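Student: I would like to learn how to read a few features of a structure like this one. Could you take me through them in order?

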Amino acid sequence: MTSAEWAEVDRYLVETLVGDGDSETFRANAAAGLPPIDVSPPQGKFLYLIAKSVRARRVLEVGTLGGYSTTWLARAVGKSGQVVTLEYEPRHAQVARANLERAGVAERVEVRVGAALDSLPVLAEENPEPFDLVFIDADKVNNSNYVRWALRLTRPGSVILVDNVVRNGRIADANSRDAAVRASREVIELIRDEPRLDGTVLQTVGSKGWDGLAYAIVLGEDD
Ligand code: SAH
Ligand code: DHB
Ligand code: MG
C-alpha cells in the first residue's frame, strides 16, 4: 500500500462517514498561509467520538492552529461545554477564532495565546474544574511536559491524547537523533512509567501519511 492509496481510502471515508462540512476552515487556513498539519477529517471525527464516548464537558487542547480539531472537540462538548485551546502564534489564533465563529461554536471555546508552558501554570493557578479530555498537538519536544501538566488538570477517568507519536515509524529507532522522535519515545515511556497513567498507541495511515495517536487514561485509587 502506498500513501496515495491511504489518501484514496480517506477520501472514501470522508465521503461516506465524515462529510466535508468544514472545507471553509481548510480554505481559510490555506489563504492565511497556515501549514496544512491539522488532523485529517476522519481523525477529527474520531476525536469528536472519543469526547462524546466519555461525555466530555471540559476539553483542553494544546496546539490550536486554525481550530480544525478544536471545532470537532467543541461540537462534542455541546452547548454547555467548554474547550480551552492553547496556541503560540497570534496569527493562528486569529484564524482559528474566525473558523470557530463560522462553525457556530466560538462561544464554547477559549483560545489562549502564548507558549503553552506559560499558559498552563496560569490556567492551573485559576484552579479550574478538571478537564475530562486533553488533546496534545503542539511542539512535539514538549509532549512529556504537556502530559505532566495534563495530569495536574484532570481527574481519574480523564483521557489524555497525544497526536503524531509514530512519525513515519521512526519511533522504533531507539538511537534516533531526531528531537521529535526522541520526544515521542519519551512520552510513550512516561505513559509506561507514570503510575497514574495507562495507555497505548494506535498507528494510523491516511491522507496525513503514517503516524499514530497515544491514548492514555488517568487512573484513580480503584484502578
Ligand atoms: N490541533 C490542530 C493542529 C495543531 S498544529 C489541528 O489538528 O487542527 C500545532 C500548533 O501548535 C501550531 O499552530 C503551532 O503554532 C502550535 N505551537 C507550537 N509550539 C507551541 C507552544 N509552545 N505553545 C502553544 N502552541 C504551540
Ligand atoms: C506536524 C505537526 C502536527 O501536529 C501534525 O499533525 C502533522 C505534522 C509537523 O510539525 O510537521
Ligand atoms: Mg498533529
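Tutor: Start with Val18, which lies in helix H1 (residues 3–18); helices (H or I, at least four residues) and strands (E, at least two) are DSSP runs, numbered from the N terminus. This is a predicted model, in which local features need pLDDT of at least 70, side-chain atom pairs count only at pLDDT 80 or more, and totals for chains, interfaces and linings use all residues. Residues are numbered from 1 along each chain as its sequence is written, chains are lettered from A and ligands numbered from 1 in the order in which they are written, and side-chain values use heavy atoms, with hydrogens and water left out.

Student: Is Val18 buried or exposed?

Tutor: The general idea is a cut-off on relative accessible area: buried means under 20%, exposed over 50%, and partly exposed in between (1.4 Å probe, protein chains only). Val18 has 17%, so Val18 is buried.

Student: Which residues is Val18 in contact with, leaving aside its neighbours within four places in sequence?

Tutor: Contact means heavy atoms within 4.5 Å. On that basis Val18 touches Leu13, Pro41, Pro42, Lys45 and Trp72. Lys45 is 27 residues from Val18 along the chain, and their C-alpha atoms are separated by 6.7 Å.

Student: What do partly exposed residues look like by comparison?

Tutor: Leu49, in helix H3 (residues 41–53), is partly exposed with a relative accessible area of 39%. Leu49 and Arg75 are 26 residues apart in sequence and 10.0 Å apart in space, C-alpha to C-alpha. Glu89 lies in the loop between strand E2 (82–87) and helix H5 (90–102) and is partly exposed at 33%.

Student: Which residues coordinate the magnesium ion (ligand 3)?

Tutor: Donors are N, O and S atoms within 2.8 Å of the metal (3.2 Å for Na, K and Ca); water is not among the atoms, so sites may look incomplete. Here the magnesium ion (ligand 3) is coordinated by Asp137 (OD), Asp163 (OD) and Asn164 (OD1), at 2.0 to 2.2 Å. Along the chain these donors follow the spacing D-x25-D-N. Asp137 is in the loop between strand E4 (131–136) and helix H7 (143–152), and Asn164 is in the loop between strand E5 (154–162) and helix H8 (179–193), so the pair ties together parts that are 27 residues apart in sequence. Asp137 is buried, at 14%, and Asn164 is buried at 14% relative accessibility.

Student: How do H7 and H8 pack, and at what angle do their axes cross?

Tutor: Axes are lines fitted to C-alpha atoms, for helices over the stretch in contact, and angles run from 0 to 180 degrees between N-to-C directions. The axes of H7 and H8 come within 8 Å and cross at roughly 30°. Angles under 35 degrees count as roughly parallel, over 145 as roughly antiparallel, 65 to 115 as roughly perpendicular and the rest as oblique. H7 is therefore roughly parallel to H8. Asn143, Ser144, Val147 and Arg148 of H7 meet Glu186, Val187 and Leu190 of H8.

Student: What is the phi of Asn127?

Tutor: Phi of Asn127 is near 55°, a positive value in a residue other than glycine. Asn127 is placed in the loop between helix H6 (116–125) and E4, and with a relative accessible area of 65% it is exposed. Asn168, in the loop between E5 and H8, also has a positive phi of about 55° although it is not a glycine.
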